[in-house]
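User: Hi! Could you walk me through the aromatic rings in this one?
Analyst: Happy to, let's have a look together.
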Amino acid sequence: MTERNVLAPTPSAATPARPARRVHYAWVVAGVSLLVLLGSAGFRSTPSLMMDALHNEFGWSLGTISSATSVNLTLYGLTAPFAAALMDRFGVRLVVVCALLTISVGSGLTMLMREPWQLVLCWGVLVGLGSGSMAGAFATTITGRWFRARQGLVTGVLTAAGAAGNLIFLPVGAWLVEHHGWRSAVVVVSLAASAVAVPVLLLMRERPADIGLLPYGATEAPPAPAADGRALARTLRVLRDAARTRAFWLLAGSFAICGATTAGLVGTHFIPAAHDHGMPVTTAASLLAMIGLFDVVGTIASGWFTDRVDSRLLLVVYYGLRGISLLLLPQLLAGSLQPPILAFVIFYGLDWVATVPPTVALCRRHFGEDAPIVFGWVLASHQIGAAVVAGLAGFARDALGNYDATWYGAGALCAIAVGLCLALRGTRPARPVPALS
């Protein structure tokens with residue numbers, strides 16, 4: 001025993017063990033946020049799958065059904081800036097859990113509807129309010145609180161969650177609608193929204209300081225957040241101050257066109273438009289999901305580029321390429337899968353929401369600590385643009401018998417967005433405005 005003790009190295013003589021390298025908790029929070037945004041995107045994609053089914057069962061026109069989507073998109077956008085302030089006031093976890101439960105209730109009640117106003121109430125109002133509380137302002141809040149390094153990349157990954165959510169939900173939802181009716185799809189949405197709330201309750205934390213950490217990549221603690229119990233007043237004050245700057249209106253205008261040409265038009269009407277050409281709903285839904293697949297790649301790449309390239313120039317390229325693809329779309333749609341429509345899916349998918357990381361970066365550049373709320377208002381313009389076009393495209397289809405005019409109009413809007421982004425050249429970051437006491 002004695003000899004063994006002599007031969008064994010003493011703790012002082014042993015080589016110091018290297019501490020195990022732990023994963024920064026910022027990545028856990030980002031993972032939970034990714035799951036939330038995956039689900040939120042999937043929930044929002046469901047109405048486009050149900051348009052023909054609702055039309056056949058209730059006899060409602062596409063314009064009437066689209067009006068519920070318009071309300072959804074409008075409230076989705078208008079809720080976002082207030083949600084950012086509410087997260088500062090009441091915490092991310094509480095706001096997100098309440099939002100998920102609101103979606104669960106709204107989608108579940110859809111099963112009982114018999115009149116169009118009930119569709120507007122359930123899917124337009126309740127699901128719109130719930131999904132708006134988990135909009136881009138949520139991702140901006142998470143990246144702003146938890147990351148100093150890799151902000152552009154993480155923003156791109158979280159933004160891509162929207163596309164990935166479509167990739168998961170659209171094919172499954174289309175299969176459910178076709179084989180088991182639209183009610184089965186809304187039941188799945190309701191149950192999924194409740195299930196996503198569980199990891200939020202268990203794993204979400206508010207700020208790195210709450211668990212004794214610095215933000216990822218930070219070398220010193222950020223200043224303590226200002227205590228402001230008036231979330232509504234702060235949200236409106238930030239809007240008032242931002243609205244005095246030229247940069248805000250240029251960003252809001254270009255992002256409104258982004259919404260009009262993505263969620264408003266393609267996200268809502270691509271499936272019925274393809275069906276007009278004889279394409280099965282499941283095939284059209286799979287193509288829209290493929291757009292989501294390539295959008296994951298495009299948006300993450302956009303986040304990487306945003307850390308390295310002038311964000312304004314990135315937006316000019318993105319809107320220009322999107323406009324070209326939309327102008328060509330009427331000649332590409334057919335009753336079956338053909339190489340031209342697959343080329344559109346790849347090209348357009350890479351560009352779908354690649355605009356988000358550079359837009360967020362420009363908000364940070366011009367508005368500093370108020371960037372999450374400012375981006376919430378910019379996102380509101382995105383959703384208002386989406387809502388207007390979602391409704392107009394449905395009524396145009398009822399009046400003209402096809403969607404061709406809407407695709408050409410969307411291409412023209414993208415040209416306007418290019419001009420707005422070029423005009424950002426002469427803007428300077430806004431000077432900070434003292435908070436109201």
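Analyst: One term to begin with: a residue is buried under 20% relative accessible area, exposed over 50%, and partly exposed in between (1.4 Å probe, protein chains only). This is a predicted model, where local features need pLDDT of at least 70, side-chain atom pairs count only at pLDDT 80 or more, and totals for chains, interfaces and linings use all residues. Residues are numbered from 1 along each chain as its sequence is written, and side-chain values use heavy atoms, leaving out hydrogens and water.

User: How many aromatic pairs are there?
Analyst: The count comes to 11 aromatic pairs. Rings of Phe, Tyr and Trp (its six-membered ring) pair if their centres lie within 6.5 Å; planes under 30 degrees apart are stacked, over 60 edge-to-face, and the rest tilted.

User: Why is the pair of W27 and Y216 called edge-to-face?
Analyst: Because their planes are at 70 degrees, with the ring centres 5.1 Å apart.

User: Where do W27 and Y216 lie in the chain?
Analyst: W27 is in helix α2 (residues 25-58) and Y216 is in the loop between α8 (182-203) and α9 (231-242), 189 residues apart. Helices here are DSSP runs of H or I with at least four residues, numbered from the N terminus.

User: What is the relative accessible area of W27?
Analyst: W27 has 36%, so W27 is partly exposed. Y216 is partly exposed too, at 26%.

User: New topic: what sits over the ring of F90?
Analyst: The charged end of R89, 4.9 Å from the ring centre. That label needs NZ of Lys or CZ of Arg within 6 Å of the ring centre and within 35 degrees of the ring normal.

Methods: Helix = DSSP H or I, 4+ residues; strand = E, 2+ residues; numbered from the N terminus.
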